[in-house]
Each structure stands twice: as C-alpha cells, then as structure tokens.
Amino acid sequence: MPAAATYISPDQLCVGLYIQLELAWWEHNFAFSNFKIKDERQIKSLRALGLERLSYDPARSDCEPLEIATSLPADEAPSAPVLTPQEQAKRIRADKLKALRKRLAEVDRKFVQAGQQVKTLNQTLRSRPEDALKQAGEIVGAMVDTLLSGSGAVLHSINSKAAEEHYYHSLNVTTLSLLLGRQLGLDSEDCHTLGLGALLHDVGKLQVPSKVLLKNQPLNRPEQQLLQLHCEFGLRMGQKLMFDDEVLRVINEHHEYCDGSGYPRQLSESAIGRLSRLVCITNQFDNLCNPLNPRDGLSPHEALALMFKQYNARFDAVALKAFIRCMGIYPPGSLVQLDDQRYGLVLGMNPSQPLKPTLIVYDAEVPKHEALIVDLEQEPRLAIAACLRPPQLPREALEYLNPRPQLSYFIEPAKQ
C-alpha cells in the first residue's frame, strides 16, 4: 500500500522540502505540481495559495520541516473554512474550465449535425437534385448568421471521429471560405453566394467513378484527365438546376490559378471570378491537410507556409494574406509547445486574438479523458513557444493529444 501523505502547515515550509500540491494545474502558477523548493520566492508563492496544509514527501526532501507545528495525519482533514480571496479565484477558474468544456462539446455536436446535413445533401443531389439547392441554402444560411453576429466567430478544429468521413471536405471548404470572405469584408448576400459555391464546388464529382475519386495512389494520365472534368460536369449540372451565375463560376473555376496553371481553362487572375479565387485558396489548403492518403497530409502550419512561400503565384495575393491572418499563426489542429515546455493541440482560435488560442494540454498526471483545456486569452502568463510536427513530440504526448488524421473545422459565435 502507498504510504500515507504527510502534511505540514505553510509556516513549516523551507528550502529543500519536496512538495506535492494536491491542486489541479489551473489552481496554481507552478510549472509542476510536485517539486523541490529551491528558494524563498517559491515559499512565498506557496503561502500565497492560502492553503491550511500542504503535502510533502520526506523521502525526497533534503531536510525536515521547520519546527513550528506538527504534521497533520491525512485522515484529519480541516473543517471547511470561509473561502479566502485566493480560493475564490481558484473556484472561478474551475467554473470557467467547466464552461469551456461544455462549449467545446456543443461545437462538436453542431459540427456533427452540420456534417449529417451535408451527407444528406450529397444523397439528395443524386436522387432529387431540385431539392438540393434549398438544403444547401439552409446549411449556408446558418453559418452566415453565425459569422455576421455582432460578436464575430471563433474557428475550431474538430477532434471527433466523425470528422474522418470524406464528405466533410465540402463542409471544411465552406467554413473556411466564409471565414475568409468575412475577413475581406463581404456582405451577407455575397457571403451566402460564396458559401453556396463552396458547398457545391465539387458537385461534378458525382459523375466521376469512385475508383478514381478514392484512389490514394498517384493517378495515371487518363485518370487525372477524367478527374479534372469534374469542373465541367459540375457546371453543366448547375446550369440544368439554374444555379446562380456566381455559384456556377465557383463550381467551374475553383481549380483555376492566378498564374494560368490551373484547369479547366488555364485562366489568369483577371479572368477568374472574385469568389472563385477565394474558394481556390481554401480548397487547396484543405487538400494539403487532408489528402486521400493521410500519411501525405501536412499540418495546418506547414500547409499555410507552403502556399505562401512556394505556391503564392497561384493565388490572389490579397486574399491569401487575409486567409493567413484569419487562420492565425497557430491554426486550429496545430501541435505546439508552450513556453513552460508542455505540449498541446490547438482546438480553437479567435481571429482577433491569433496568439491566444484554446488548446488541450498534455499532462501525464491527468487522465486522458479529463485532459486539461487552456484558453490562452484567460492565461496571460502562458504563451506558445513553437509549432511542431508529430514526430517532434514524445510518443506518450502524441498518443495523449491524439491529433486526428482528418482535420476538420467549424465556427461558433465568439464569446461576449
């Protein structure tokens, strides 16, 4: 059986004692919950916690506690005192964490709901294409309402297994296109048109054989030519269903590059529609992050860097810079290291606070199902030091954070 905890009063603290804080990570400002006291500054900080007693490990300590009060047995817990200001602050922080967990769970729920709507939309496009535009309008309308709310929007990555379904590509492109459109100042009507074009941009793939669509090996030349026809297939289908002209342009032009190297017509920048240029950026980003073979996928940080440094001639320069701004320096889905050396996975980001995302943090002492969630907007002492690739993390940290091979995004209204 483990040895019973040994307790001392704050007045018995001295340099050399090995302290074991019985607090959650958010309830104190130390890098670790278990540590050996090195200086008087740490003693002062420990006493400032307002605790009536602290646990310490005699076997790992360099000295005995000061002879002021006797140690308290573990089973003699003090009666509940009136909360000190420090304890009240801790309770407030715990309540905020609980509210944050609830909010993120609601985002996941709404994402799954929207994904099911997109799945139904794809089925309707095959069986009742006339009804599909109405369904698409409802999906996009809800997202535009979120974006245009007075508080703005927060972009979240989704850590749900449901996000690994292939039909979430169109939902990703729609989410990111609307976020980009809003960043560029598009009004409600233009955002709605942009959203419809993004949601339906790959409608022509309904006429491409699945053995080509789902092939995770490089396509041969005939297969590549067949796949590229999806832009023209989609245009013809949209014309029959009398889609709006701007929606048709997005469907036909979302693979056209500003340098003339795209398809199907090798258009240059001035000939490509404004909304098409936006969807081209978000479609390329999602394809880089979520290829058919997950092993070829880039991190969001890497995808943005590649698009900006090597592929920048393909894209509208103003729109690409705006996209990088609204995705943030550490896009949701990024693996990062904090300045206190802890590892984390970015969950959400408010474009107005790009350096202060919300993230899940690896802590070996906290069960995975209770993983710590940190909102850096509420933690001025913490900051991100670096963005990392999966191989740069210790195996146990990577397994704990468990970044999904399929990266998906969703938006919610920013908190007031």
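This report walks through a predicted model of one protein, from its overall make-up to individual residues.

## Overall make-up

The protein has 416 residues, and 49% of them are buried. Its secondary structure comprises 13 helices and eleven strands. The exposed surface comes to about 20900 Å². Carbon and sulfur atoms supply 51% of that area.

## Salt bridges

Side chains of opposite charge can pair when their charged atoms come close. How many salt bridges does a search of the whole structure find? The count is 13.

| Pair | N to O distance | Relative accessible area |
|---|---|---|
| Asp 131 and Arg 128 | 3.0 Å | Asp 131: 36%; Arg 128: 42% |
| Lys 205 and Asp 202 | 3.4 Å | Lys 205: 25%; Asp 202: 14% |
| Glu 232 and Arg 236 | 3.9 Å | Glu 232: 29%; Arg 236: 47% |

Start with the pair of Asp 131 and Arg 128. Their side chains meet in a salt bridge. Asp 131 is partly exposed, and Arg 128 is partly exposed too.

Now take Lys 205 and Asp 202, which form a salt bridge. Is Asp 202 buried or exposed? Asp 202 counts as buried because its relative accessible area, 14%, is under the 20% cut-off. Lys 205, at 25%, is partly exposed.

Glu 232 is partly exposed, as is Arg 236.

Some salt bridges link up. Arg 249, Glu 253 and Arg 265 are joined in a network of them.

## A patch of negative charge

Which residues gather in a patch of negative charge on the surface? They are Asp 187, Glu 189, Asp 244, Asp 245 and Glu 246. One of these, Glu 189, belongs to helix H5, residues 188-199. Glu 189 counts as exposed because its relative accessibility of 63% is over the 50% cut-off.

## A buried leucine

Leu 46 lies in helix H1, which spans residues 40-48. Its relative accessible area is 1%, so Leu 46 is buried. What does Leu 46 touch, leaving aside residues up to four places away in sequence? Its contacts are Leu 13, Ile 19, Leu 21, Phe 30, Phe 35, Ile 37 and Leu 54.

Another distance places Leu 46 relative to Asn 29. The two are 17 residues apart along the chain. Their C-alpha atoms are separated by 9.4 Å.

## A link across the sequence

Asn 287 is in helix H10, residues 274-289. With a relative accessible area of 33%, Asn 287 is partly exposed. How far is Asn 287 from Val 173 in sequence and in space? The answer is 114 residues in sequence and 9.5 Å from C-alpha to C-alpha.

## Backbone details in the loops

The loop between helix H9 (245-253) and H10 holds Pro 264. A cis peptide bond joins Tyr 263 and Pro 264, with omega at about 15 degrees.

Gln 266 is also found in the loop between H9 and H10. Its phi is positive, about 50 degrees, although Gln 266 is not a glycine. Gln 266 has a relative accessibility of 48%, so this residue counts as partly exposed.

Asn 402 is another residue other than glycine with a positive phi, near 50 degrees. Where is Asn 402 found? Its place is the loop between helix H13 (395-401) and strand E11 (408-413). Asn 402 is partly exposed, with a relative accessible area of 30%.

Methods
Residues numbered from 1 in each chain as written. Predicted model: local features only at pLDDT ≥ 70, side-chain atom pairs only at ≥ 80, totals over all residues. Heavy atoms only, no water. Patch = residues over 30% accessible without salt bridge, like charges linked within 9 Å, V, L, I, M, F, W, Y side chains within 5 Å. Areas by Shrake-Rupley, 256 points an atom, 1.4 Å probe, with all protein chains shown as cover. Salt bridge = Lys/Arg side-chain N within 4 Å of Asp/Glu carboxyl O. Lys, Arg positive; Asp, Glu negative; His and termini not counted. Charge placed at Lys NZ, Arg CZ, Asp CG, Glu CD. Helix = DSSP H or I, 4+ residues; strand = E, 2+ residues; numbered from the N terminus. Buried < 20%, exposed > 50% of the residue type's maximum accessible area, 1.4 Å probe, protein only. Contact = heavy atoms within 4.5 Å.
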